[in-house]
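Subject: Structure handover

Hello,

Here is the structure I said I would pass on. My notes on it follow below the display.

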Amino acid sequence: MISYISICIKINEMTYFVSVINTVDTSHEDMIHDAQMDYYGTRLATCSSDRSVKIFDVKNGGQILVADLRGHEGPVWQVAWAHPMYGNILASCSYDRKVIIWKEENGTWDKMYEYTGHDSSVNSVCWGPYDFGLFLACGSSDGAISVLTCSGDGHWDIKKINNAHTIGCNAVSWAPAVVPGSLIEQPTGQKPNYIKRFVSGGCDNLVKLWKEEDGQWKEDQKLEAHSDWVRDVGWAPSIGLPTSTIASCSRDGRVFIWTCDDPAGNTWTAKLLHKFNDAVWHVSWSITGKILAVSGGDNKVTLWKESVDGQWACISDVNKGQGAVTSITDSQQNEQ
């Protein structure tokens, strides 16, 4: 059982040194499956097989439990914070087939909305870019992906992609709102082009890209490289530059970096980041999209960065729960 988690990995820009600067005793009574900081890095949400979601204030190196949310009837797999412009809103998904959206009003957390439209475990939730409003993608073991959109009057619109992945969907991740290249190609004073897209990974070993057209979600691309279940996907943040980048990881131990320089988004190229000796469970990009964190069955978190010649190199690794850190300096990286 894991009830303690280490948070706030601090990265020194010159040496890529990683250090654990805070440890939180969550008092969860079973395995913790996810932990997410909010937009400002002052609140931490955790979820567990004990069916609970907990929210902590983690300011000034301390921790205060501010909410213990009970509403799920099975293990809670994932939590996701909405953009703060919509208030303090958190989504959670569970083995109980439910997605619950929680909102804080006057210091009290309550259910804002409960979605029960899936027939099996809901494994992943991810909020879309705030530019489009308040909307959430949900991936389920029933093979479907739901997109929930909140209207101004508090009503939620549901659009469901049935049979998105054979056997089941394990992960969803939204693309940046701005079309690749639009910020540098757009005439002065004209707004950049926006497009709604997300990526998903499933038990069919596939990575799929989805795009909204005429109010409907359609499969845009099917990316094949993995030989086992795709456990996680992450679309890298962008500032409107010409290249789109996606990371995917799998039970086959491999992490791939997918890139697309085609403005139409039709041609994607896969590059193997690394072949690990165990299953890889999670990938997560830094806020600038320059560093990728990878974690898996080897009980390590590794950080990877692309060099100027397009090669990816491990710049640090951390043994989970031990605080042991191996860091690589710029000079060492150049020698590799």
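Is Trp312 buried or exposed? Its relative accessibility is 14%, and the cut-off for buried is under 20%, so Trp312 counts as buried. Please keep in mind that this is a predicted model.

The ring partner of Trp312

Trp312 and Trp285 form an aromatic pair of the edge-to-face kind, with 6.0 Å from centre to centre and 65 degrees between the planes. Trp285 belongs to strand 23 (residues 280-285) and Trp312 to strand 26 (residues 312-319), so the pair ties together parts that are 27 residues apart in sequence. Trp285 counts as buried too, because its relative accessibility is 13%.

Other aromatic rings

The structure holds 15 aromatic pairs. One of them joins Tyr39 and Tyr40, again edge-to-face, at 5.1 Å centre to centre and 85 degrees between the planes. Both of these tyrosines, Tyr39 and Tyr40, are exposed. Elsewhere, ring pairs link Phe132, Phe135, Trp174, Tyr194, Phe198, Trp210 and Trp217 into a cluster.

Around Pro129

Pro129 sits in the loop between strand 11 (122-127) and strand 12 (135-140). With a relative accessible area of 15%, Pro129 is buried. Apart from neighbours within four places in sequence, the residues in contact with Pro129 are Phe135, Trp174, Ala175, Pro176 and Ala177. Among these, Phe135 and Trp174 are also members of the ring cluster. His83 is 46 residues from Pro129 in sequence, and the C-alpha to C-alpha distance between the two is 8.1 Å.

The second largest pocket

The second largest pocket has about 530 Å³ of space. It is lined by 23 residues, and those closest to its centre are Thr243, Thr245, Gly289, Lys290 and Glu306. Two or more lining residues come from each of strand 20 (244-250), strand 21 (254-260), strand 22 (269-275) and strand 25 (300-306). Strand 22 gives the largest share, three residues. By type, the lining of this pocket divides into ten nonpolar, nine polar and four charged residues.

Two loop residues with positive phi

Ile167 is not a glycine, yet its phi is positive, at about 75 degrees. Ile167 lies in the loop between strand 14 (156-161) and strand 15 (169-174), and it is exposed, with a relative accessible area of 57%. Asn205, also a residue other than glycine, has a positive phi near 70 degrees. The loop that holds Asn205 runs between strand 16 (197-202) and strand 17 (206-213). Asn205 is partly exposed, at a relative accessible area of 22%.

The chain as a whole

How many helices and strands does the chain have? There are two helices and 27 strands. Of the 336 residues in the chain, 50% are buried. Among contacts with a separation of 6 or more, 43% are between residues 24 or more positions apart. The accessible surface of the chain is about 16,000 Å², and carbon and sulfur atoms account for 46% of that surface.

Regards

How values were computed:
Residues numbered from 1 in each chain as written. Predicted model: local features only at pLDDT ≥ 70, side-chain atom pairs only at ≥ 80, totals over all residues. Heavy atoms only, no water. 1 Å grid on protein atoms, 1.4 Å probe; cavity = no way out; pocket = protein on both sides within 12 Å on 5 of 7 lines; lining within 4 Å. Points joined across faces, edges and corners; volume = space filled by probe spheres on them. Helix = DSSP H or I, 4+ residues; strand = E, 2+ residues; numbered from the N terminus. Nonpolar A, V, L, I, M, F, W, Y, C, P; charged D, E, K, R; others polar. Buried < 20%, exposed > 50% of the residue type's maximum accessible area, 1.4 Å probe, protein only. Contact = heavy atoms within 4.5 Å. Areas by Shrake-Rupley, 256 points an atom, 1.4 Å probe, with all protein chains shown as cover. Phe/Tyr/Trp six-rings, centres within 6.5 Å; stacked < 30°, edge-to-face > 60°.
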